[in-house]
Amino acid sequence: MNTQPLDFVPASEFKQRASGAVADAHLRKSFRGAMDFLISKRAAQFPDPVALENQRSLAEHIRKYSLARLPELLEQLERKLTDNGVKVHWAENAEEACAIIVGIAQRHSTKLMVKGKSMVSEEVELNHAMAAAGIDALESDMGEYIVQLDGEKPSHIIMPAIHKTKQQIARLFADKVPGAAYTESVDELIGIGRAVLREKFMSAEVGLSGVNFAVAETGTLCLVENEGNGRMCTTVPEVHIAITGIEKVVEKLEHVPPLFGLLTRSATGQAITTYFNMISGPRKPGEKDGPGEMHLVLVDNGRTQAYGDEQLRSTLQCIRCGACMNHCPVYTRIGGHAYGTTYPGPIGEIISPHMLGLNATHVLPTASSLCGACGEVCPVRIPIPELLVRLREEAQHDARPGHAPLRGQGAAKSRLVDAVWSGWAALYTRPAFYRAFGWLATRFRALTPPMQGGWTVSRTPMKPAARTLHELMAERKKH
Amino acid sequence: MSARDNILQRLRAAPQGKAPLAPDVPAFYAAVSAARPPSTRAARIDLFCEKMAFWHGEVVRVTDANWPQKLREICTAKGVRSLLYGEPSAHAEALKSAGISGLKAYDRPLGEWKKALFEDTDAGLTSTRGGIAETGTLIVWPDANEPRLMSLVPPIHFALLDADQLHDTLFDAMQAQRWSDGMPTNALLVSGPSKTADIQVTLAYGAHGPKELVVLLLVNEEEVQ
């Protein structure tokens, strides 16, 4: 497997990568096809719009309620898990999270860690940290296994290898998996992955997983999956480490069914996944399998910044279904890699600034036409378009009075843009100036430049009309 | 200050508007079921069978008296050479007297026979704690006698499900079985054999877990079709 650090592409080069992606006909076809498929599957799950809105209201309520009580719930979760025999760790940032996990792995002198799907582990770049410590961190979700084998990152949070065709995967397996023959049969390709990974499940001492919901009242970690690799990673190795963002906690078990039902239906259009794995502790004396030791790593990594602002806090309602990206006209055209961040698409545009700072990410909230599709399909009703506008504003201005500055506050400030806007304001608020401007622009319209920067890359140049609207209306009144 | 203290302190320092009331989840589900035709045993059985078939799971209707024989027939038809079962369990005796060849008890800690479990076990039989009709789902609660991996590692998973234990929804099952009073170390919902659509959104079964799931649904004599 590839233990070389993957190339992390900074979000600041977003525009370049987006242009490249838009020009890649094959990539666009892959994403268009897959997203259309997911959109129609989701729609089929919600035939009754009234019922859907009722479900969304409840889910939004549960998430808001959980966030309002977050500190208490985290403490309750920690208490319960500790009683159940789970060691709970807290990490303020990516480095701390990685150090905790590397430390546990090293105490067990492990050479191999098998991983179930975990976006938080991608977010903290855990695989690099493990590689640096000489430990193989092997992805076992089929899609994640494929992208890791090719030295890539996932391009979708639910379907990591969505950008690849089966021919590319066939070639990849034939080249990189010892003994694998070239085959384009999906069943056979999955069979190859299954055989390789079963060996690894047997030999790994440590298994890592993410968490979909953490239930405070019982100290239960819930994992959603179809493949069974999550169950393997959390059951076969002697040590299980779960890693999650601090926002994933809910108070009661009864809060889980409404969220779980919306998660799978919104994500892949399934009423339920094959497995819903509820883990409340390591094996007890007498139990014959399951890990003997269990850890939970609670990661902040910028989440408390979002939490600190009542509007931005709604970002943390997210249950990571991916529906916002499936329905995003920008994501569908440029794919997940163009964003250069762990979380692509609309959710990535609103969460990444908290994790990486606006310096590195201020361009992301602008990668939206504000069409509103993301907010409309979000199962927990995160007002994504409003948050995009807010973050654009924060990137271009100082913090609002009474608000703490965000990391990278004002990173996109530009004197030129400010000057243009104040000039426009001066013009627009003075009728005489505005009339004069309109007169000049219409009379000298022949002088409009034919190249108008980004606008004319793929559009015809803008040109003022022959007469202003004022003049045309006055004209009309005369007749 | 520890990371824990810092994180909690930042959370506590955040402005809090009016605290939202606790969501009334039971009322939501009560309203949903009130809008549906009343749930009957026959309807639950039919819905469960339909949904489980959708997930690619087989459902065989059996009775208390004939299930071991049925299981034997299925094992023969599928060429099962070794069948893993839990002991002691409610069904172990019936299983043993059915004359199924290759019966194997999960009677040792995993570490003592991991390789044999992974490479030399064709099927596993587990009991279930119930089922969910709405989604075609099994509730599996592994314990010391029926460990977690019985329903995951063997290529075929047989599950015994009592039709009396079919609930309409996950929420109903949770409430009726009082899950919040105490969860086992591991509890599972299982809906069909393991699957993936990670290659070009093409569905393939037997990703990492069982390739086949066969539910032996225990019903009354007159409900066997």
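A residue counts as buried if 20 or more other C-beta atoms lie within 10 Å of its own. In this predicted model, that criterion applies to strand S7 of chain A, where A:Val239, A:Ile241, A:Ile243 and A:Gly245 point one way, A:His240, A:Ala242 and A:Thr244 point the other way, and all are buried.

**Strand S7 of chain A**

- S7(A), which spans residues 239-245, is mostly covered, since seven of its seven residues are buried.
- In a regular strand the side chains alternate between the two faces of the sheet.
- Strand S4 of chain A (residues 206-209) pairs with S7(A) in the parallel sense over four bridges, and within this pairing A:Leu208 stands opposite A:Ile241.
- Strand S10 of chain A (residues 293-299) also pairs with S7(A) in the parallel sense, here over seven bridges, and A:Thr244 stands opposite A:Leu298 of S10(A).

**Contacts between chains A and B**

- On the two sides of the interface, 61 residues of chain B are in contact with 71 residues of chain A.
- The elements of chain B that give two or more residues to the side touching chain A include helix H1 (3-13), helix H2 (25-34) and strand S9 (186-190), and the largest share, eight residues, comes from H1(B).
- By residue class, this side of chain B divides into 34 nonpolar, 18 polar and nine charged residues.
- Strand S9 of chain A (residues 275-279) is joined to S9(B) by five bridges, with the two strands running antiparallel, and A:Met278 stands opposite B:Ala187 in S9(B).

**A sheet in chain B**

- Six strands of chain B form an open sheet with parallel pairing in the order S1-S12-S7-S4-S2-S3, and its edge strands, each pairing on one side only, are S1 (58-62) and S3 (103-105).
- Neighbouring strands of this sheet are turned by 25 degrees against each other on average, with direction ignored.
- Strand S2 of chain B (residues 83-85) pairs with S3(B) in the parallel sense over three bridges, and the bridge partner of B:Leu83 in S3(B) is B:Leu103.
- Helix H4 of chain B (residues 67-78) packs on the sheet and touches S1, S2, S4, S7 and S12 of chain B, while its direction makes about 160 degrees with that of S12(B).

**Domains of chain A**

- The domain assignment of chain A gives domain 1 (11-304) and domain 2 (431-478), and the C-alpha centres of these domains lie 54 Å apart.

Methods
Residues numbered from 1 in each chain as written. Chains lettered and ligands numbered in written order. Predicted model: local features only at pLDDT ≥ 70, side-chain atom pairs only at ≥ 80, totals over all residues. Contact = placed C-beta atoms within 7 Å. Nonpolar A, V, L, I, M, F, W, Y, C, P; charged D, E, K, R; others polar. Pairing = 2+ DSSP bridges. Domains from an automatic or database assignment. Axes fitted to C-alpha atoms, helices over the stretch in contact; angles between N-to-C directions. Buried ≥ 20, exposed ≤ 12 C-beta atoms within 10 Å, placed from the backbone.
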